[in-house]
Amino acid sequence: MEKISYSRRKIPGFGCKVLYKGRHVGLQQLTALAQAGRTFLGPTKSCKFIMDQSCCEAALTYSSFRLLENLDLSSAVGQLLNETVQAHQKVFNTGTTSLMFLAGAWSAAVLECLHQGIPIPVIVAVMSAGLESCTEFCKGCAVPIEDIARKTDCDLGKQAQACSTMSPNHLIDVQKCSCLQQGQLQSITRSTISAVSTLSQTTAVKDECLGLQLKVFTQALSTRSSSGEKTTKTKIKLTHSRHFNSKDANSERLLSSNSLSAGHHRDVSITHLAVGLSHGCSYGMNLVIEAYRLQAQNSRKRDYSLRTGPSFDVCKIVTCVLPGICEEQSCVTPGFVTLVSIEQATLANHFKDQNLRVVLINGDLSERYRHLGFNGSSNIKNIIESPDLSGSSLEDEWAHDALTALLSLKVNLVLVMGMACPILMETCVKHNILIVQWGKPNVLKDFAETTGAVPVAYITQLNEYCVGGGACVSLWRTLGGTTTESANRVAICVTGNASSLVTAVITSSVICKLQAMEDQFWTCAHRLNHALKEKTVFPGAGRLEMLCLRYIQKLIEEDHVTFCNLDDDNTSSLWMTKHVSHYKDIILQLMSDGWKEYLATLMCNSTMCTTQLEAWTVINQCLGNMCDGVSLPPVSTPHLLNCSYSEPASEKRGNMDVYDNVTVKVEAWRRALDVVLLVLQTDTEIVTCYSAGEVEELSSALVLL
Amino acid sequence: MSRLAPKKPSLCSDGPLTDGEVCQKLSVFREILKSCYGPCGRLKLIHNNRGGRVQTTSSSAVLLNGVPLSHPMLKLLAASVMNHVSRFSDSGLFAAILGCTLIENTQRLNMASSSVIKIYRQLLSLSIAYLNSEDCSCRVKVDFRSSQTLLALARTVIASKPACMLTFKEREYISSMVLKAFLRTVPCTVGPNACLGKMVVVPIEGNIAQDTTVLTGLLVEMPEALPLSNTKRLSSSCINVAVFNVSMSGDLPDAADGTVEISCTVSPEAAILEQLLRVGKQMVSEHVGLLVCQKVVHPVLKQYLQEQHVIVVDRLGAALMEPLVQMTGAQAVASYQSSVPSNCYGLLKDVCVVSFGSKELLHLIPGEDSTVCSLVLCNRNETTLSELKCTNRIDDVLSDLACSYTEYQLAVDSFCRSLESLARSLEHNGGESLVDLSHGHRWFIQASSPLDSHWRDLVNRCGCGLFQKHQSLDWAILGDKYPSLTPGADRSQIEETTPHLFVLDSFPAKINALQIAVETANLILDLKYIIQDVN
């Protein structure tokens with residue numbers, strides 16, 4: 001990096017650094033930063049501790065966005081990467097690790113392109129066109145989630161058939177399998193989630209079971225397609241299997257729904273999809289499945305005629321973090337779980353099984369609170385005409401008025417979005433009024449919908465019209481039926497009438513894990529939500545990246561530049577067309593190496609391979625096998641599911657199906673490439689406020705304007 | 001405690017351009033701007049070194065706004081360019097680079113600045129006269145029968161901003177949407193005082209560019225409670241609208257410097273609220289279905305109106321007031337102390353909820369022939385979106401259009417060298433720029449062309465796409481000595497096909513940029529003393 005400066009004056013002002021002279025410093029920074037997120041890739045992550053040396057504070061992190069959030073990013077490129085990652089996290093809540101990894105891998109690829117003397121516009125044009133073309137191809141490979149549901153249905157059917165036709169030896173195996181399945185289902189329909197330690201066991205068992213299913217399914221699929229039979233969504237009656245019969249009976253009791261078998265099958269298919277989307281995070285996904293089940297059950301209860309698709313509303317999920325309780329106690333509870341004082345908890349217990357009258361307060365419940373936009377006047381003097389001898393303060397008076405208002409409307413429960421005045425809270429408990437603070441906006445919205453209460457800003461606004469009814473309060477109890485108390489706070493649960501609001505209670509005795517656990521839960525929830533909304537998913541476990549590699553190989557093998565719109569691009573690239581074909585192969589090869597590195601890291605992280613070299617060899621072998629006699633587009637969905645090549649990352653996971661979200665993945669790629677190309681096209685960094693001291697220090701590296 | 005410090009005397013420095021340090025600042029500034037120019041321009045990262053937002057840009061508006069300049073001379077240059085940009089939203093870099101280059105080239109001339117200034121002035125008027133004349137070889141008439149020319153113009157502007165990170169398809173799509181929005185603002189009936197409507201840009205971060213869309217009417221933030229199903233309506237197809245530009249938050253009117261003394265028994269807040277509720281009652285009795293306030297509405301008034309099925313939209317912001325007033329025909333009410341005159345109300349056809357990604361907005365739908373529309377502009381993140389916002393104005397192109405990268409009516413070396421170096425700065429990858437000797441257009445050749453080949457074998461089409469190579473053309477390297485040429489208006493060689501690949505610039509914007517550049521350079525050249533107040 002060349003550094004120029006010619007200012008001697010010590011003025012805080014604007015300096016600029018030259019980023020690109022010879023080696024591009026910005027891209028190097030990007031590569032170095034992205035390295036930090038490598039170990040977060042894949043189902044087996046290693047977490048990181050971020051230490052602040054000045055105050056010895058540390059944070060535990062499992063995800064790229066938290067890592068970047070906690071780092072002190074002084075460089076502009078680091079800041080840019082952080083902004084990109086946070087923007088992605090804000091929209092999708094998942095996929096940031098892929099984004100960060102590819103940003104690093106592709107900036108390394110671009111550095112190599114620059115090293116080989118390829119002009120910047122050519123790199124930009126070929127890379128963005130290459131990714132666009134690849135994305136289009138990948139979108140064609142997406143699997144509709146209905147197919148996955150159908151597949152699960154088929155599995156059940158096939159198993160049932162197998163039960164009736166197979167030899168006794170086989171029968172035992174299959175029986176074992178379906179027993180496991182039954183056990184698994186019970187664990188799902190039970191409203192409790194077992195702990196991580198026991199879960200890992202059940203997941204292993206599940207894996208085994210699903211692996212069996214997959215084999216059966218592939219057989220089924222091949223026989224079906226050979227006989228030309230259409231795989232329609234047939235509902236198979238499970239009359240021959242006592243296991244499935246008994247399960248139906250079982251769920252009938254639990255679900256209390258008349259649309260039993262349809263609903264039941266839907267739950268099963270969701271489980272399969274959800275497990276495939278969990279990417280090794282069974283703790284979070286089991287809570288999500290439970291939340292889904294509670295919400296689905298609720299919507300069915302509310303409307304029997306409703307036969308629409310799966311209903312899953314992420315906006316109606318909140319989390320409550322309870323430190324100091326062991327992880328086995330994590331569960332999903334209908335309603336809003338929050339912590340209150342011991343006195344309030346006693347009152348909550350007293351309210352058990354009562355229909356409560358509820359009001360909602362949009363801001364703080366205190367004397368000093370004023371709505372946003374109200375500034376008051378500073379130049380007003382209050383003049384006391386007669387001395388006040390009662391000695392009551394403004395706040396006492398206000399609290400008295402507030403209590404009177406609440407009592408006159410016979411309110412039992414006040415849900416406040418912000419904080420509530422402690423004096424008022426205390427007096428209210430004495431008058432059997434429970435005030436719950438810190439309700440999130442979506443909680444208030446749900447209570448407004450389900451109880452009919454109208455949220456207000458001031459307690460003086462309350463009238464009969466604003467009061468809602470039908471709310472319930474109870475003490476939140478652990479699986480063992482005991483209440484929890486930590487630091488003089490007790491968890492209570494507030495529910496609206498037939499509300500689909502659920503709270504995921506996240507517990508751990510290791511406090512520093514809680515944040516990561518909460519993040520994991522939300523990641524899983526959003527993955528499932530995206531999949532259900534888009535109705536399609538990508539084959540996961542690196543299969544999609546393998547397809548990309550193969551597709552790019554095909555693009556390189558094609559002689560002419562036909563991909564994308566390079567010919568129609570703006571006139572400045574007219575002169576480039578000759579160049580492009582010359583450099584195309586190199587750039588695309590380097591770009592696909594980015595994906596290869598992604599796969600290799602995935603394999604190394606999941607301990608399939610010990611070295612990157614080994615992983616690259618396996619990938620290259622796979623690629624060679626794939627190319628033999630396989631015509632590229634279109635790759636049909638059944639072909640994908642049948643894929644015969646040994647699939648790297650899923651081998652050890654018992655052939656269980658793994659899925660990725662479509663838009664999340666594609667957008668992560670695009671944003672990763674965007675940030676790389678932005679940095680590539682940047683040649684100067686302009687810093688707007690250096691302090692005088694810094695100017696002195698950096699005087700050799702800066703140009704002052 | 002206050003402290004008195006003696007005022008420092010003003011600082012006077014003479015001959016700012018003779019100071020080496022100032023000249024170096026100017027040349028760094030010029031290099032920064034120059035490297036941003038054109039569709040392949042390099043980007044700049046602007047940040048404050050304190051973990052603030054990072055801006056990635058190559059646009060003059062962001063660059064000059066985001067960068068505090070230290071020297072008054074640079075500030076002057078930046079200010080006049082910013083003024084140009086605020087009027088035309090285009091050709092800012094052109095003006096700034098030309099200004100810098102003119103100043104620097106003149107410094108090397110060693111001539112009296114007064115005479116150079118005179119010559120420049122004359123050259124400017126000659127150039128403008130030529131560009132306005134019929135035989136100008138780089139002017140394209142807008143064909144209003146088809147959208148191609150306008151589309152090419154929009155595309156040129158968007159393509160010149162690489163920091164938007166748009167692919168070819170996305171660029172085409174956004175161009176067409178911008179044009180669509182622009183055409184919506186053209187009134188259907190042409191009367192004596194017909195004027196263009198308003199286009200409001202609604203930026204949405206996080207969605208992909210293909211989600212960009214154009215809607216008639218305005219989009220506003222969703223109110224918390226929305227009585228959509230039973231909104232008060234005048235008839236089946238209209239909603240009465242009241243618009244307030246005064247704060248209805250319940251604040252006391254400002255008492256200037258004085259102090260108001262109020263007895264404790266009197267509550268000024270309650271008194272104001274009473275007034276507000278009185279206005280509320282009037283709204284209800286006069287069948288207002290939608291109340292819009294530029295500032296905040298008191299929650300109590302809001303609650304009252306919502307109970308009466310009136311939609312309340314507050315915090316509209318000053319920017320949306322004018323289009324709202326234009327669209328509904330309402331008059332903005334500036335006081336709630338007295339009752340609202342009935343002729344202040346406006347009309348809307350309907351309101352509905354639209355959602356973009358996770359964001360929900362309230363769509364105010366106007367009557368049939370409204371010229372107000374909203375361009376919902378989507379891009380992946382804040383950086384790319386804010387860059388895209390800069391590109392969105394093509395209002396001023398209705399007169400005439402010209403392709404003007406290529407103005408080589410040369411008279412004085414310095415003047416034309418400045419223009420030439422400007423044209424050359426479109427190339428950032430070591431390639432060479434040529435000029436043809438009959439039209440004076442600019443042609444590219446790539447950096448690593450074989451040395452022994454003819455120009456003819458290396459070029460294909462000129463930079464703006466207007467001319468293709470043919471036998472009678474000759475080329476010279478731009479910036480070298482070449483025989484003087486009179487770019488003719490030989491239009492026979494211009495292709496008759498639709499100019500979908502043309503690179504076009506707005507004619508008035510370019511003319512003004514040229515004017516600004518030369519006049520600012522003249523002004524700076526004329527500077528003898530700088531007097532700075534250092535207090």
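## Chain A overall and strand S10

Of the 705 residues in chain A, 56% are buried, where buried means under 20% relative accessible area (1.4 Å probe, protein chains only). This is a predicted model, in which local features need pLDDT of at least 70 and side-chain atom pairs count only at pLDDT 80 or more, while totals for chains, interfaces and linings use all residues. Residues are numbered from 1 along each chain as its sequence is written, chains are lettered from A and ligands numbered from 1 in the order in which they are written, and side-chain values use heavy atoms, leaving out hydrogens and water.

Chain A contains 22 helices and 21 strands; helices (H or I, at least four residues) and strands (E, at least two) are DSSP runs, numbered from the N terminus. Strand S10 (residues 356-361) of chain A has five of its six residues buried. The table lists its pairings; two strands pair if DSSP finds at least two bridges between them.

| S14(A), residues 468-475 | antiparallel | two | Leu356(A) and Ala471(A) |

## Helix packing in chain B

Helix H1 (residues 20-34) and helix H3 (residues 72-88) of chain B pack at an angle of about 30°, their axes 10 Å apart. Axes are lines fitted to C-alpha atoms, for helices over the stretch in contact, and angles run from 0 to 180 degrees between N-to-C directions. H1(B) contributes Val22(B), Lys25(B), Leu26(B) and Phe29(B), and H3(B) contributes Met73(B), Leu74(B) and Leu77(B), contact meaning heavy atoms within 4.5 Å.

Notes
Buried < 20%, exposed > 50% of the residue type's maximum accessible area, 1.4 Å probe, protein only.
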